[in-house]
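Follow the charged pairs through this structure, then turn to its cavities and its surface.

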Amino acid sequence: MDRTVQSPTGNTPGPHEVGAAAHAEGVRRLVASYRAIPREQTVRLAKKTSNLFRARQDTSVPGLDVSGLGRVISVDPVARTADVQGMCTYETLVDATLRYGLVPLVVPQLKTITLGGAVTGLGIESTSFRNGLPHESLLEVDVLTGAGEVITARPEGEHADLFHAFPNSYGTLGYSTRLRIELEAVPPYVALRHVRFHDLQSVQDAMDAIVDAGTYDGERVDYLDGVVFTGSEAYLTLGRQTDEPGPVSDYTGMQIYYRSIQHGDHDDAATPRTDRLTVHDYLWRWDTDWFWCSRAFGTQNPRIRRLWPRRYRRSSVYWKLIALDRKYDIADRLERRKGNPVRERVVQDIEVPIENTAAFLRWFLDEIPIEPLWLCPLRLRDGRDDDESGAREWPLYPLRPGHTYVNVGFWSSVPIEEGADGAADGAANRRIERRVSELDGHKSLYSDSFYDRDEFDALYGGNHYSRVKKIYDPDSRLLDLYSKAVQRR
């Protein structure tokens, strides 16, 4: 189906825009729920969905009421900005902004990621090589702090320290209630080229050149990501925005997007495979199969896929199945019944400087039995090699201005190594952490982490974080970052 972007006429609020009055009521309920939590209890959100993959301690304490904070407040198509509530999902946000032919500068891959979550917990996608990370398009943010106050933080001014420390703080400095973000214009379609590489060094070199030039083989590149299937079969997908009409593919049905990337053995590997999607379907190309993770549920089997309702082919449904597995230990019980070792979950995104990408990939493919791997280059928006003076600092996830990094994503499990104490030991995850640190990289904190306190503080701005934490959460009503990310409290 051709889902062409259309701009509405006039300034009539869209169906996802709630307006200032409704937003104020949502904030009022949030603050009231904060005040109702006993002072000796830790404050948490009461939310129905999550994209975190680390277990947390159960609690009987009621969470913060965020039920009125899940929509878009308004879109300004002239200024190309949007005011968005903190719990608004990107699915809702994109539906609102596409009415105006606009989208956020970075749209993370999964529909139920919230804007507040992508800012406080980081996010990334195929525009990150030119637009950085989601928090870099943030103009201002209203935050309910640990002190129970709702304050507005901007890049300059009284609360600039909170503005810059908020990314990667994972709700330990406060929760966003409203975010004002930049938007960019998009035409209706994305034309794709899937370019094959036979060795990992060539992939690294090509990404480096594309990020610098913004082109490949004489054609503009607006979107850039990749998939590594093996050490000798990897692809970069190059997307170009276009308003040229024509047929488009549909990967929400029986066809599977990541399989469309591969060249068959009989194909001319030197000739890129091409494709076209609507911009809407391009943004959500990974969500239908949760990248390739839907295969764990049999959904890629054509017979099962045909019976699995289309509306349930989405990341949020698979995440609920994972949560059930975690709660009832289903997968490990099945492995034990088969006489197999139980498995360690390895669900991570890491970033290494681009010059270390091939080295990490070679090590990973030799040591960790997981494939495919996702690649996504990124570079901070502010500051290039020839002008680093304008770069903002993001102390809780420090990246060098003017330097290209590559995110590597891998999401599966591995057999627990013989002699390890058990799944909680995290032997494979610990080895990955060590290798990433050796290569001057970081890992995202949405999943299991095993760092000791000193290394964690060195990697994630510990001293700076502590100073800001004392200002905005003086009574420690919120968990600290180490307790949340590593100790799983």
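Asp212 and Arg379 join their side chains in a salt bridge, at 3.1 Å from N to O. A salt bridge here means a side-chain nitrogen of Lys or Arg within 4 Å of a carboxyl oxygen of Asp or Glu. Asp212 sits in helix α6 (residues 200-213) and Arg379 in the loop between β16 (373-378) and β17 (405-415), so the contact ties together parts 167 residues apart in sequence. Asp212 is partly exposed, at 49% relative accessible area. Arg379 is buried, at 5%. Buried means under 20% relative accessible area, exposed over 50%, and partly exposed in between, with a 1.4 Å probe and protein chains only.

The model is predicted: local features need pLDDT of at least 70, side-chain atom pairs count only at pLDDT 80 or more, and totals for chains, interfaces and linings use all residues. Residues are numbered from 1 along each chain as its sequence is written, and side-chain values use heavy atoms, without hydrogens and water.

The structure holds 32 salt bridges. Glu184 pairs with Arg130, their closest N and O atoms 3.1 Å apart. Glu184 belongs to strand β8 (residues 174-185) and Arg130 to helix α4 (residues 128-131), so this bridge ties together parts 54 residues apart in sequence. Helices (H or I, at least four residues) and strands (E, at least two) are DSSP runs, numbered from the N terminus. Glu184 is buried, at 13%; Arg130 is partly exposed, at 26%.

Arg305 and Asp289 form another salt bridge, at 2.8 Å from N to O. Arg305 is in helix α9 (residues 302-307) and Asp289 in the loop between α8 and α9, 16 residues apart. Both are buried. Elsewhere, a network of salt bridges links Asp83, Glu140, Asp142, Arg154, Arg178 and Arg180.

Now the cavities. There are 2 of 30 Å³ or more. A cavity is a set of points on a 1 Å grid over the protein atoms alone where a 1.4 Å probe fits but cannot get out; lining residues have an atom within 4 Å of a point. The largest cavity has a volume of about 80 Å³. Of its 14 lining residues, Leu105, Val107, Thr127, Tyr223 and Leu283 are the closest to its centre. The second largest cavity holds about 40 Å³. Its lining includes Tyr90, Pro104, Leu105 and Glu182.

Last, the surface. Leu324, Tyr328, Ile330 and Leu334 make a nonpolar patch of about 370 Å². Helices α10 (315-328) and α11 (330-337) each give two or more residues to the patch. Patch residues have over 30% relative accessible area and no salt bridge, with nonpolar side chains (Val, Leu, Ile, Met, Phe, Trp, Tyr) joined within 5 Å. Ile330 lies in helix α11 and is partly exposed, at 40%.

How values were computed:
Patches are made of residues with over 30% relative accessible area and no salt bridge: like charges are joined within 9 Å, nonpolar side chains (Val, Leu, Ile, Met, Phe, Trp, Tyr) within 5 Å. Accessible areas come from the Shrake-Rupley method with a 1.4 Å probe; for residues, only the protein chains shown count as cover. On a 1 Å grid over the protein atoms alone, a cavity is a set of points where a 1.4 Å probe fits but cannot get out, and a pocket is an open set with protein on both sides within 12 Å along at least five of seven lines; lining residues have an atom within 4 Å of a point. Grid points are joined across faces, edges and corners, and a volume is the space filled by probe spheres set on the points.
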